[in-house]
Amino acid sequence: MRPAIVNKFCKILLRAAAIILVAMPFAAHAQLDAKALQRAQQRGENTDIYGNNPFENNAEGEDDQDAEKPDTTKKERKIRKPLESYFFSDSIRALHNFQWTLSRDYNRVDVGPIDTTLANWHIDYPYYQRGLGDITLGGLGQSTLPVDALERPELTDFEFAHPYDAYTYNMENIPFYNVKKPFLLLTYLESGQKRYREEHFELTHAQNISPTTGFNVNYKARGTRGLYDRQRTKNHNVAVAFQHTGKRYSVHAAFFNNHIEQAENGGVVGPWAVRDTTFEMPSGVPMKLSRANAQNIYRNNGFFIEQSLAIPLQAVTPSDFSLADLSAVYIGHSFEYNAWSKFYTDVYATYTDDRSGRDPQTGEFIPKTDVYYKNWYISPERTRDSLYERVISNRFFVQAQPWDRNGVIGTLDGGVGIDMRTYSQFEPGGYMSGRMKNVKRTSWYAYGSVSGKIKRYVDWGAEMKYYPSGYRGGDYRIGAHIALTGFVRGKPLRLSGRFVQESISPSYWQESLYSNHYIWNNSFGKESSTRFEVRLEVPDYALELAAKQGVIRNKIYYDENAAAVQSTGTVSLTSIYARKDFRIGGLHLDNRVLLQWSTDAKVVPVPTVSAFLSYYYEFWAVRNVLRMQTGLDGRFTTKYYAPGYNPSLSSFYNQREVETGNYPYVDLFITGKWKRMRIILKYQHLNKGLFGNGEYFSAANYPLNPGMFKIGLSWGFYD
């Protein structure tokens, strides 16, 4: 047997052994629990995991005196209290398992189900799971930017990390769990040959110590070895979280780490390299930074703790399992530490575009040799840029609950906070010696909100945040939302509206940067924006319609030279979104379409039409055992000047050289759910070489993956 085959066989055995070793304790625990449960039932003991509610009557309504008396010679089992948190309604507490995320400023949580279903399991790239998805450099773990221009992030924090928002953990997306039994979820997907493989691994473990207290560990490793030259990416993310959501006291705490390594290739030397040329392997496609050894390394460490204490304004009786229905005041504190660093390296190297132009007389192609970066300010031979940003935040808040949490005026919130930021980069004259320039900036802010409900028909709220002093002095944000729910023949119909107006100071990096390829010292004004949104949802008919309008003044962006600039006018953005899923028996026809218009495409470029279509057939392969889906996914945008990507700045910029689009990207998939296991078989880019204009780009000059087979599974253990 050849050594390569032996090595591969050994690795498969090791992976299988690792899964078995992890699963054995949970399987053994499940068997022990089952046997103990059976013995307890035979003895007539209470087998409810949380015990009986001492305030409820007996099941048959009999008098306590007639009930069978327990054996007094045995030690009485301690009755565990149920989940009593004011965060969760009765319907949420009744769920077997659920998860939630935390609000940074307000004493609220956003509850959602744990994703173990077959729905959307075929959408395996995280940046495609939001709306119409993102503009991407092509590979798993690489930089992305939302297609919807009104959903793009504000560059107020470490902006060089925003292209990885779909992957990284932060205070507002770390999940917390409430599970009745220990929960373990393992996910692994891989695709492509070993040399070019994409890999996606996830591990989630959650366990409750009591109904109100628990902890969880989330780990994700995603990336690619690189189908194209210099495309290798490693993306590792871990979060360790703890929560206690008690009747009067709650605390959420977590540590998180994000580590990203991305080799940079600068994109193809010209669209012809993908459109008009066939290479034996994708790695043969010529890239602009192939010989420059360009690479970005990002490191992030963060920690936060948020706690609140409830002070009831009414007498609390033993039958009150939650304070959500009583008048109360909550006082709390939130602390956050978050540090990011970015290290970029490259060496001076040229590239050759063999089809830069044509000879007007002979018609033959004229090659051109060029260099990716036009400026080498500090070192003409190599680059070693280092950037660092740290923020320490403290927030004190008060939340008043005048009547009950779901009343007409449910909660009144107010708080004050301070952000202490430190920025570091090389200073002039200290590039080679490693001396760093540190800048510290502090800003104070106050915020407040009010929200309420009118039964199940109206949900409304308003919020305000203002910075009276500090480097962001004068910044503000005002927002409001309302949702009206009606019922037609018992089926809900929801109409909602949202309004946001804000004024934001430029980020430190937009105004000050000292690097080998880019140096600037700008003095920008505040960027202001006003946004409206109206949305209609009919869940029973899988229908969703939305219209959004945004007006942005003094927009700061990166121009065609990848330099930070500020427009002096106003840009208006209009978008219309529609989602309609049809179902005919087992046939699903899911459609999402986004229309966008920008009054200044040089400042905010958008495709006029973006679409995602998923057509598949769902059926029982084995009744009540194996559920399966098989079908096609397709993505499409009309042609426009899609953003380019600059590796040195880790930023998307508004290039004006090539147009991208009018190419459908189609995937074929088969997915299945067998008990607690989900499986996927997928062939990406089914239509490569069959139809389309051959320019399979999302970001300018960055080709999407060619045809590639993918296999994966996700296995949940609930014992």
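**Aromatic rings**

Ring pairs join Tyr 86, Phe 87, Phe 88, Phe 98, Trp 100, Phe 176 and Tyr 330 into a cluster. This is a predicted model, where local features need pLDDT of at least 70, side-chain atom pairs count only at pLDDT 80 or more, and totals for chains, interfaces and linings use all residues. Residues are numbered from 1 along each chain as its sequence is written, and side-chain values use heavy atoms, with hydrogens and water left out.

**Exercise 1.** Classify the pair Tyr 106 and Tyr 447.

*Solution.* Start with the cut-offs: rings of Phe, Tyr and Trp (its six-membered ring) pair if their centres lie within 6.5 Å; planes under 30 degrees apart count as stacked, over 60 as edge-to-face and the rest as tilted. The structure holds 39 such aromatic pairs. Here the centres of Tyr 106 and Tyr 447 are 5.4 Å apart and the planes stand at 90 degrees, so the pair is edge-to-face. Next, burial: Tyr 106 and Tyr 447 are both buried (under 20% relative accessible area, 1.4 Å probe, protein chains only).

**Exercise 2.** Find the Arg over the face of Tyr 106.

*Solution.* Look for CZ of Arg within 6 Å of the ring centre and within 35 degrees of the ring normal.

Technical notes: Buried < 20%, exposed > 50% of the residue type's maximum accessible area, 1.4 Å probe, protein only.
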